[in-house]
Amino acid sequence: MRVAVIGGGPGGLYAAALLKRHDPAREITLWERNAPDDTFGFGVVLSDETLGGIESADPAVHAALRREFRRWDDIDVVHRGTLLRSGGHGFAAVGRHRLLAVLHDRCRALGVDLRFRTEAPPAARLADAYDLVIAADGVHSSTRDAHRDVFRPTLTTHRCRYIWLSAGFALDAFRFEIAETEHGVMQLHAYPYAPHASTVIVEMREEVWRRAGLDRCDRRASLDLCAKYFSDLLGDRPLRSNRSEWTAFRTVVNERWWHGNTVLLGDAAHTAHFSIGSGTKLAVEDAVALAHRLERHTGVPEALAAYEAERRPVVESTQRAARASLEWFEDLAVHVGAPPHRFAFGLLTRSRRVTHDNLRLRDPRFVTAVEDEAGVPPGTPPMFTPFRLRGLTLRNRVVVSPMDMYSAVDGTPGDFHLVHLGARALGGAGLVMTEMVCVSPRGRITPGCTGLYAPEHETAWRRITDFVHERAPGTAIGVQLGHSGRKGSTRLMWEGIDQPLPDGNWPLVAASPLPYRPGVNQTPHALTAEGMAAVRDEFVRAAEAAARAGFDLLELHCAHGYLLSGFLSPLTNHRDDAYGGTLAGRLRFPLEVFDAVRAVWPGERPMTVRISATDWAPGGTTGDDAVDIARAFAEHGADAIDVSTGQVVPDERPAYGRSYQTPFAERIRRLARVPVIAVGAISSWDDVNSIVLAGRADLCALGRPHLYDPHWTLHAAAEQGYAGEGAAWPVPYRSGSRKPPVGRRS
C-alpha cells in the first residue's frame, strides 16, 4: 500500500508512524510545508485516556513522551482577588516542539519519507497515484476546500479573540484568571508544559479586544498589554510569542469525512475549542482509530467508512462539550457577578462533562465549600433544597415538565390523566405540571388535547388536584394554559405529528396568515382586534376555572410556535400594526393576555411564562431578545420564566446536547434577574444538582425521565442516600424507600 499524508502535525505524523509500524512494507510519504522546527503554540495537553491509547498503539512513542510529560492535578480559578483551588483532575502536558520531535524520530526510525518545506501535491493528484491519502492539513485544509461538494463543511467563526503565548516559568496548576478591565472582561488560560515554561492563552470578546486597542497593536505591544492585564500572575516576567497572532476560533464540522481513498483527520475534519484541551487529543485518537480500521478491513473504502462511524459519535460529543465551554467563556461577563465559589464551580462544570457528583469525588472539600456559600444544608443534595415562588414554597427543585398526552375526550381529562399526573405527584417532584391545557375548542392542537373551556373540564381537573393535594402532600400542581394558533387542527402525535386531520379540521388563527408548513398545514386567519379580545377573554375564563379547580400555579404558554409565541417571533409575526414590527410591538398582545390573566389569578399564587429563547433559525428570536422578553414579563408580574427553545418554524437547526437549553436559562436569570426553570435534555439527578448549585437555574423541568420512571425524584433521593423533607415518601410507600438489592451472594 502506498500512503500519502498531507500535513506534519501530531495527527498526520502519528498516523504515518502507526501505519508503517503495522506494515513495514507500506510506502508512506508525508508532506509538510513548514520546517521541522516550525510550530505554532507551545504546550499540548493530553488526557490519561489518550495516553492509554498511545501506549496500546505504539509503546515506543508512549515511552518517549512519558519522559517529557509535566503532570499536575489542580485547577486554580482567580476571580476578583480570590484564588480558589480544586484538586483531583489529573493533567499531562508536553511541549509541542518536543511532541513533534518524538514523532519525527519515530517516523524516521520506521522509514517514513518526511518531506519538510514542501507543499503537497493536490489531493486529487495524490489520490490517483496512492492507495490512501490522509488529509491532516489542519483547520484551513486545502484538501477539504478542494472537495467541498463531497465533504460539505460548515465553518463557524466565534465571538472571542485569543492569542497563544508562553511564560518562562512553570505553574503548579491549570490556571484560569479573570481580569475585569475598563474595556471589558478578559480571561487567561495557562498551564505548565516544561520544567521552566507555561502556555498562556489570553482571550476576550471581539468588542473588548477592539476597545482595548489590541486590534491596532503590533506583536510586542500586544504582549506588553497582556502582561499588564495579568500582572498579578506574571509580575515583571515577560510573555513570549511564537509567531503568535490574534485570531478567532473556528469550529469545523464536515458532513462526510472521506471520499474515495481520501480521508480527513484531525482539525481538517473537526475542531473543538481549546478550553477543553481537545485539538491534539482528537487528532491523535483519529490516527489510532484509522490505523486500527485499516488493519481490520481489507478494502480502503470499507476501512474509511468504519473509521468515520467509530470516531464521529466521539467527536460530536466532544464538540458539544467544547461548544458549551466556548459559549460560557464568550458570555463570561454574564457570570462574573457570581460569588467566588459558585463562579469557580460554574467554570469547572461549564462543559457539562464535569458535574457536581464527579467533582465531589475529585475534591469533596471544594464542593462542600461551594454548597456552604450557596446555603445548602449539610447532607442535602442541592436539588432537595426548597424554593419559594410568591406564596408557594416548593419542597425541592424538580418539576415534572408539561407533556402533551393527547388522551382527552372533547377536552375533558379522564382516568388516564388522574393516573398519569397522580403517579408523578406521588413520585416526589416539587411541582407537577399539566400538559398545555387549551382555552377553547379551536385552540386545541389535536382532538385529544385537554381544555378548560367547559364546566365538565373544571370538574375533571378538580378531581386530579384534590388527589394530588390529599395523597401527595408537599407536591404542588400547576396548569399550563395555551392556544395552538397556526399549529392546531392536527392529528394525534403518534398518528402523524403536525399533520392536518384527514377530516373535521377547524379554522386556525395566528398573528399573521402564515401556514406552519406551506402546502401541508392550512393557512391561518390573522387575528383582528376583535379576535384578539376574544382570545384574551378565553384565557381569562380558563384562568378563573383553573383557580376554582385548585391549581397552585399557572403557566402561560408563549413558546413553541403556538399562538402567543407566534406573536413574539419575527419569523411568524409579519404584522404592520401596533402588534408587530419591533419587539415591543410583538410583545404587546402576549403581555395583554398575561396582564388579564394575572388580574384574575389569585394574588398569592404564582404565575410563570414559558418562552422559546431562540428560534434556531436565521432572522428569528435571539438569546438577547429572550432576555428582553423575560424582563418584560417579569416587570408585568411573572414569578419565573420557563426557558425552552425552538419549535417555532419547521426548518429550525437546534444544537442538541446535554442540557442544551440551560445556557439560555442562565443568561436570562443573570441579566433579567428573574427566577428561571431550565428544561431540555436534563436527564440525571447529577445534572439537576450541577445546574442548581452553579446558579444556572432555580428549578429543573424533566419530561422523558418521568415517563420512564414516575418516581424519578424519590429514586434520586434514595440513590444519593437522602431521606429529608425535600423528598418525603408517601406513607404507603415508605417500606420501599431504599433501593432493593439486585442479587444475592451464595
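Student: Why is Ala655 called partly exposed?

Tutor: In this predicted model, Ala655 has a relative accessible area of 34%. Buried means under 20% relative accessible area, exposed over 50%, and partly exposed in between, with a 1.4 Å probe and protein chains only. Ala655 is therefore partly exposed, at 34%. Its place is in the loop between strand S27 (640–644) and helix H24 (662–672); helices (H or I, at least four residues) and strands (E, at least two) are DSSP runs, numbered from the N terminus.

Student: Which residues are in contact with Ala655, leaving aside its neighbours within four places in sequence?

Tutor: They are Trp616 and Tyr660, where contact means heavy atoms within 4.5 Å.

Student: Why is Arg673 called exposed?

Tutor: The relative accessible area of Arg673 is 73%, and exposed means over 50%; Arg673 is therefore exposed. Arg673 lies in the loop between H24 and strand S28 (676–679).

Student: Why is Asp410 called exposed?

Tutor: Asp410 has a relative accessible area of 59%, to be set against the limit of over 50%; the residue is therefore exposed. Asp410 is placed in the loop between strand S20 (398–400) and helix H17 (415–426).

Student: What makes both faces of S28 covered?

Tutor: Val676 and Ala678 on one side, and Ile677 and Val679 on the other, are all buried. In a regular strand the side chains alternate between the two faces of the sheet.

Student: What makes S27 and S28 a pair?

Tutor: Two strands pair if DSSP finds at least two bridges between them. S27 and S28 have three bridges, in the parallel sense, and Asp642 stands opposite Ile677 in S28. The chain crosses from S27 through H24 to S28 in a right-handed β-α-β crossover: with the strands pointing away from the viewer, the path from the first strand over the helix to the second runs clockwise.

Student: Which β-α-β unit includes S28 and S29?

Tutor: S28, helix H25 (residues 685–694) and S29 make a right-handed unit. S28 and strand S29 (residues 699–702) pair in the parallel sense over three bridges, with Val679 opposite Ala701 in S29.

Student: How are helices H20 and H22 arranged?

Tutor: The axes of H20 (residues 529–548) and H22 (residues 583–600) come within 9 Å and cross at roughly 30 degrees. Axes are lines fitted to C-alpha atoms, for helices over the stretch in contact, and angles run from 0 to 180 degrees between N-to-C directions. By class, the contact has ten nonpolar, no polar and three charged residues. Ala, Val, Leu, Ile, Met, Phe, Trp, Tyr, Cys and Pro count as nonpolar, Asp, Glu, Lys and Arg as charged, and the others, Gly among them, as polar.

Terms used: Residues are numbered from 1 along each chain as its sequence is written. This is a predicted model: local features need pLDDT of at least 70, side-chain atom pairs count only at pLDDT 80 or more; totals for chains, interfaces and linings use all residues. Side-chain values use heavy atoms; hydrogens and water are left out.
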